[in-house]
Amino acid sequence: MKSRAHVFIEGRVQGVFFRAHTKEKAEELNLSGWVRNLPDGRVEAVFEGEKSNIEKMIAWCHVGPPLARVEKVEVKWEEPKGEFEGFSIRYY
């Protein structure tokens, strides 16, 4: 079943290659969407794809890459829109 999750990750998640590792993991799980840093220090991401794969991605977000220290993950489930081709890193 196709799903979409809008995720916010808090902690030491910037400057630790969180976005690059997120992109790598999302592609591995065949998810589309994007990830970006926010000015307040959080990382924001949108994942679309099979719900079971999004759940695996969210579980990964609770840990992150080796140098990260994740303190909180907020997930908002949304209706999938099918608007993405692949997974990208967004910049301001």
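A polar contact is a pair of N or O atoms within 3.5 Å; within protein, one atom must be able to donate a hydrogen and the other to accept it, and residues adjacent in sequence count only if both atoms are side-chain atoms. The model is predicted. Its largest nonpolar core has 22 residues, and the largest share of this core, five residues, comes from α2.

- R12 belongs to strand β1.
- Its relative accessibility is 40%, so R12 counts as partly exposed.
- Apart from residues up to four places away in sequence, R12 touches L67, A68 and R69.
- R12 and K23 are separated by 11 residues in sequence and by 18 Å in space, C-alpha to C-alpha.
- A68, one of the residues that R12 touches, is found in the loop between α2 and β4.
- With a relative accessible area of 15%, A68 is buried, because the cut-off for buried is under 20%.
- Residues up to four places away in sequence aside, the contacts of A68 are R12, V16, F18 and V63.
- Between A68 and D40 there are 28 residues in sequence and 16 Å in space, C-alpha to C-alpha.

**Helix α1**

- F18, T22 and A26 are the buried residues of α1.
- These residues cover an arc of only 60° around the axis, which puts them on the same side of α1.
- On the other side of α1, E24 and E28 are exposed.
- The buried residues of α1 pack against β1, β2 (32-37), β3, α2, β4 and β5.
- T22 has a relative accessibility of 1% and therefore counts as buried.
- Not counting residues up to four places away in sequence, T22 is in contact with V35, F47, M57, W60 and F87.
- Just after α1, N30 takes a positive phi of about 60°.

**Helix α2**

- Within α2 (residues 51-61), the residues N53, I54, M57, I58, W60 and C61 are buried.
- Viewed down the helix axis, the buried residues of α2 fall within an arc of 155°, so they line one face of the helix.
- The elements covering these buried residues include β1 (2-12), α1 (18-28), β3 (43-50) and β4 (69-78).

**Nonpolar core**

- Within the largest nonpolar core, the residues with the most contacts are V7, I9, F18, L31, F47 and M57.
- At least two residues of this core come from each of β1, α1, β3, α2 and β4.
- In soluble globular proteins, nonpolar side chains tend to be buried together.
- V7 touches V43, E44, A45, F47, I58, V73, E74 and V75, leaving out residues up to four places away in sequence.

**A buried glutamate**

- Among the residues that V7 touches is E44, which lies in strand β3.
- E44 counts as buried because its relative accessibility is 6%.
- The E44 side chain makes polar contacts with two side chains: that of H6 at 2.5 Å and that of R36 at 2.7 Å.
- Setting aside neighbours within four places in sequence, E44 is in contact with H6, V7, F8, W34, V35, R36 and L38.

**Aromatic rings**

- A search of the whole structure finds two aromatic pairs.
- In one of them, the ring centres of F47 and F87 are 5.7 Å apart and the planes are at 10°, so the pair is stacked.
- This pair links distant parts of the chain, with F47 in strand β3 and F87 in strand β5 (residues 87-89), 40 residues apart.
- Both F47 and F87 are buried.
- T22 of α1 touches F47 and F87, among other residues.
- At another ring, that of W77, the charged end of K51 sits over the ring, 5.0 Å from its centre.

Definitions and conventions
Residues are numbered from 1 along each chain as its sequence is written. This is a predicted model: local features need pLDDT of at least 70, side-chain atom pairs count only at pLDDT 80 or more; totals for chains, interfaces and linings use all residues. Side-chain values use heavy atoms; hydrogens and water are left out. Buried means under 20% relative accessible area, exposed over 50%, partly exposed in between (1.4 Å probe, protein chains only). Helices (H or I, at least four residues) and strands (E, at least two) are DSSP runs, numbered from the N terminus. The arc is that of the directions from the helix axis to the C-beta atoms. Contact means heavy atoms within 4.5 Å. A nonpolar core is a set of buried Ala, Val, Leu, Ile, Met, Phe, Trp, Tyr and Cys residues joined through side-chain atoms within 4.5 Å. Rings of Phe, Tyr and Trp (its six-membered ring) pair if their centres lie within 6.5 Å; planes under 30 degrees apart count as stacked, over 60 as edge-to-face and the rest as tilted. A charge sits over a ring if NZ of Lys or CZ of Arg is within 6 Å of the ring centre and within 35 degrees of the ring normal.
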